[in-house]
Amino acid sequence: MHSNLDQITDKELLHRYYEEGQTDLLGVLLQRYTLLLFGVGMKYLKDEEEAKDAVQQVFLKVLTELPRYRVEYFKSWLYTIAKNYCLMKLRDKGFLKQDLNEKMLWATDDDDSKSWHYDKEKMLTIMTEAVEELADEQKRCIILFYLQKKSYQEIVSNTGFTLMKVKSYIQNGKRNLKIILQRSIEHER
Amino acid sequence: MNDKWLDILQKSGHISEQKLMDYLQGKLSPEESHDVEKLMIDSGFINDAVEGLSEMKDKQKIATILQDLNGQLTKKIHPKSRKNSLIIPDQLTLAVATTVTVLLLIIIAYVIYRMYHSS
């Protein structure tokens with residue numbers, strides 16, 4: 001019935017669903033994320049049965065809500081639904097000490113939706129300068145990860161930092177780099 | 001200057017189930033692991049999922065759970081067709097039922113005819 005659906009992007013699949021209205025297409029789309037959804041459930045709920053239940057609830061919500069709204073970024077939308085469901089569950093159980101705020105509930109899948117359009121050479125110069133502004137640990141991990149293409153485990157062995165620290169240094173280092181880059185570009189204009 | 005710096009600004013793509021499972025089971029080379037970890041850095045969804053799945057002690061069980069969840073999804077999508085398949089007989093069943101009914105009617109008619117004539 002649907003040939004080569006594996007080859008088409010989420011966006012195209014979603015577009016076809018909105019055009020043709022066939023729920024089968026939603027099934028294909030959702031099955032691409034079953035494993036990720038179960039993983040998110042496991043991360044927050046720490047229980048197999050509850051994580052499975054979370055996936056079922058997310059499926060149900062998507063099947064009910066997607067026909068009503070025009071969703072542009074399916075992956076981000078799905079992640080938001082899954083994370084919110086888990087956080088609500090934790091809150092209901094009293095495991096979440098702080099109140100759910102808008103920032104927590106609006107989970108963005110992509111850490112930066114911004115596109116960088118700038119001269120390549122210029123960007124490289126700014127980037128090299130920006131790296132020097134990072135804290136030593138972040139700089140070290142960023143260089144090992146992005147420049148030397150090392151895995152987390154290799155960086156752990158190389159630096160002696162814990163896995164959690166390595167991940168945090170790379171994530172925060174990347175975020176800081178982008179802030180510095182943005183500042184430099186605005187300053188040049 | 002090194003072009004690799006610009007990788008920081010590149011957006012990463014999707015990850016296949018197989019790749020993710022191989023990563024969780026430690027089957028990937030350091031280079032391949034790096035590629036998965038780059039996706040994790042760029043996507044909160046993938047990062048959360050990997051952290052959650054890493055907590056499963058029996059990684060083999062994940063495949064069974066996945067199959068089960070996808071099966072449930074199919075049932076949610078096709079509830080009517082399943083119900084219909086139980087109610088509406090297929091053509092072969094219909095043909096057999098019709099033949100049996102016709103044969104029964106012939107037998108009953110014959111028995112009535114014999115009873116009528118014998119009396």
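Helices here are DSSP runs of H or I with at least four residues, numbered from the N terminus. In this predicted model, one such run is helix α2 of chain B, which spans residues 30–42 and includes B:Glu31. B:Glu31 has 11 C-beta neighbours inside 10 Å, and because a residue with 12 or fewer is classed as exposed, B:Glu31 falls in that class. Computed along the chain is one thing, and through space another: B:Glu31 and B:Leu6 are separated by 25 residues in sequence, while their C-alpha atoms lie 18 Å apart.

The contact draws 39 residues from chain B and 45 residues from chain A. On the side of chain B that touches chain A, at least two residues come from each of α1 (17–24), α2, α3 (44–54) and α4 (60–77). By class, that side of chain B comprises 19 nonpolar, nine polar and eleven charged residues.

Turning to chain A, a helix pair can be followed in some detail. Helix α3 (residues 34–45) and helix α5 (residues 74–93) of chain A pack with their axes 10 Å apart, at an angle of about 25°. Since angles under 35 degrees count as roughly parallel, α3(A) is roughly parallel to α5(A). The two helices cross in a right-handed sense. From α3(A), the contact is made by A:Leu37, A:Val40, A:Gly41, A:Tyr44 and A:Leu45; α5(A) contributes A:Ala82, A:Lys83, A:Cys86, A:Leu87, A:Lys89 and A:Leu90. Eight nonpolar, one polar and two charged residues make up this contact of α3(A) with α5(A).

Methods:
Residues are numbered from 1 along each chain as its sequence is written. Chains are lettered from A and ligands numbered from 1 in the order in which they are written. This is a predicted model: local features need pLDDT of at least 70, side-chain atom pairs count only at pLDDT 80 or more; totals for chains, interfaces and linings use all residues. A residue is buried if 20 or more other C-beta atoms lie within 10 Å of its own, exposed if 12 or fewer, and partly exposed in between; C-beta atoms are placed from the backbone. Axes are lines fitted to C-alpha atoms, for helices over the stretch in contact, and angles run from 0 to 180 degrees between N-to-C directions. Angles under 35 degrees count as roughly parallel, over 145 as roughly antiparallel, 65 to 115 as roughly perpendicular and the rest as oblique. A crossing is left-handed if the near helix is turned anticlockwise from the far one by less than a right angle, and right-handed if clockwise. Two residues are in contact if their C-beta atoms, placed from the backbone, lie within 7 Å. Ala, Val, Leu, Ile, Met, Phe, Trp, Tyr, Cys and Pro count as nonpolar, Asp, Glu, Lys and Arg as charged, and the others, Gly among them, as polar.
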